[in-house]
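User: Hi! I'd like to learn how to read a structure like this one. Could you take me through it feature by feature?

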Amino acid sequence: MVIRTLLTVSSLMAVSCASFSAQAALQGRDLDGNLATFEAYYDTTLNITWLADANYAQTSGYDVDGKMSWSAASAWAASLSFYNPLTQETYGHWRLPAVGPVDGVNFDFTPSFDGSTDSSYNYTTPNKEMPHLFHVTLGNASMYDTSGASSGCYVVGVADCFDNQGPFVNLTFPYLYWNDNTGASTPAEAWAFTFDRGQLGLSTTIQEYHAWAVHPGDVGAVPEPETYGLLLAGLGLIGWRLRQGR
């Protein structure tokens, strides 16, 4: 079912922070029948849908601060369900972002900086969903460049590498987010990604980090193509005016 979607000015301003390449990869989706806002964004490259609210566990009242152990975060994501009265569809089957081996077959934990192994920075592989969103879709850098030198974006207590948050809201400091546990060496470990440094690594599952749910495939009400044309035109005007004001 195709839904004509109207965006509020505040929505336009939030989305204008993202690059045009990010806009091409992230398409707004309505989950609750409120045509004024998007509750999710479909990632056209990864073929998954991200919740627009990166700390929905807190804002929904599920958890006081949204920080949970890995098992609690996994259970929370699996419990999510949204009903859209416009489409009369229920969207369940959410999960934590997936982490697969760089080569698609076996994990290689040899340290590197160029994203060529599974113990690295600067990932571009779609097999690692959250790092791909951070580096490729949103265009953020790691704290180290591909040669292992400091990229200059991370200064302890002063600056971090998370320059572009795109259209998402409530990405919460210190930006540590759970991923799945594929390839972990023990059942007591799972993957976690830190957005301030652009780093993916294994962590003990009893630690309490934030959770960001994704859904396989494209879910939610889809706005008409004309709506996206107007949105991108509006973003171009906003970006031009911002540049002129500098």
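Analyst: Happy to! pLDDT is the predictor's confidence in each residue, from 0 to 100. You will need that here, as this is a predicted model. Over residues 238-246 the pLDDT stays under 50, and the model has three contacts there beyond four places in sequence.

User: What is the mean pLDDT of the protein?

Analyst: The mean is 86, and 81% of the residues reach 70 or more. Residues 1-19 have pLDDT below 50, with 48 contacts beyond near neighbours in sequence.

User: How many helices and strands are there?

Analyst: The protein has six helices and 13 strands. Of its 246 residues, 48% are buried. Among contacts with a separation of 6 or more, 58% join residues 24 or more positions apart.

User: How should I read a nonpolar core, and which residues have the most contacts inside the largest one?

Analyst: The general idea is that nonpolar side chains tend to be buried together in soluble globular proteins. In this model, the largest nonpolar core has 50 residues, and those with the most contacts inside it are Trp50, Leu51, Trp76, Trp94, Phe195 and Trp212. Elements giving two or more residues to this core include strand 3 (40-43), strand 4 (48-51) and helix 4 (70-79). Leu51 touches, among others, Leu31, Trp76, Trp94, Phe168 and Trp212, leaving out residues up to four places away in sequence.

User: Where is Phe195 found, and is Phe195 buried or exposed?

Analyst: Phe195 is in the loop between strand 9 and strand 10 (199-204). With a relative accessible area of 0%, Phe195 counts as buried, because the cut-off for buried is under 20%. Beyond four places in sequence, its contacts include Met130, Phe134, Cys161, Tyr177 and Trp212. Phe195 and Gln165 are 30 residues apart in sequence, with their C-alpha atoms 9.6 Å apart.

User: Now to charges. How many salt bridges are there?

Analyst: Side chains of opposite charge can pair when their charged atoms come close. The count here comes to four salt bridges. One of them joins Arg29 and Asp218, with the closest N and O atoms 2.7 Å apart. This pair links distant parts of the chain, 189 residues apart: Arg29 is in strand 2 (residues 26-29), and Asp218 is in the loop between strand 12 (214-216) and strand 13 (222-223). Arg29 is buried at 2% relative accessible area, whereas Asp218 is partly exposed at 37%.

User: What does Arg95 pair with?

Analyst: Arg95 forms a salt bridge with Glu129, the closest N and O atoms being 3.0 Å apart. Arg95 lies in the loop between strand 7 (89-91) and helix 5, while Glu129 is in helix 5, so the pair ties together parts 34 residues apart in sequence. Arg95 is partly exposed at 24% relative accessibility, and Glu129 is buried at 7%.

User: And which side chain of opposite charge is nearest to Asp180?

Analyst: That is Arg95, at 5.9 Å. Asp180 is buried yet has no salt bridge, because a salt bridge needs the nitrogen within 4 Å of a carboxyl oxygen.

User: What does the side chain of Asp180 reach, then?

Analyst: The side chain of Asp180 reaches the backbone nitrogen of Val99 at 3.2 Å. Asp180 sits in the loop between strand 8 (176-178) and strand 9 (189-194). Not counting residues up to four places away in sequence, Asp180 touches several residues, including Trp70, Leu96, Pro97 and Trp191.

Key
Residues numbered from 1 in each chain as written. Predicted model: local features only at pLDDT ≥ 70, side-chain atom pairs only at ≥ 80, totals over all residues. Heavy atoms only, no water. Contact = heavy atoms within 4.5 Å. Helix = DSSP H or I, 4+ residues; strand = E, 2+ residues; numbered from the N terminus. Buried < 20%, exposed > 50% of the residue type's maximum accessible area, 1.4 Å probe, protein only. Lys, Arg positive; Asp, Glu negative; His and termini not counted. Polar contact = N/O pair within 3.5 Å; in protein donor to acceptor, adjacent residues only side chain to side chain. Core = buried A, V, L, I, M, F, W, Y, C linked by side-chain atoms within 4.5 Å.
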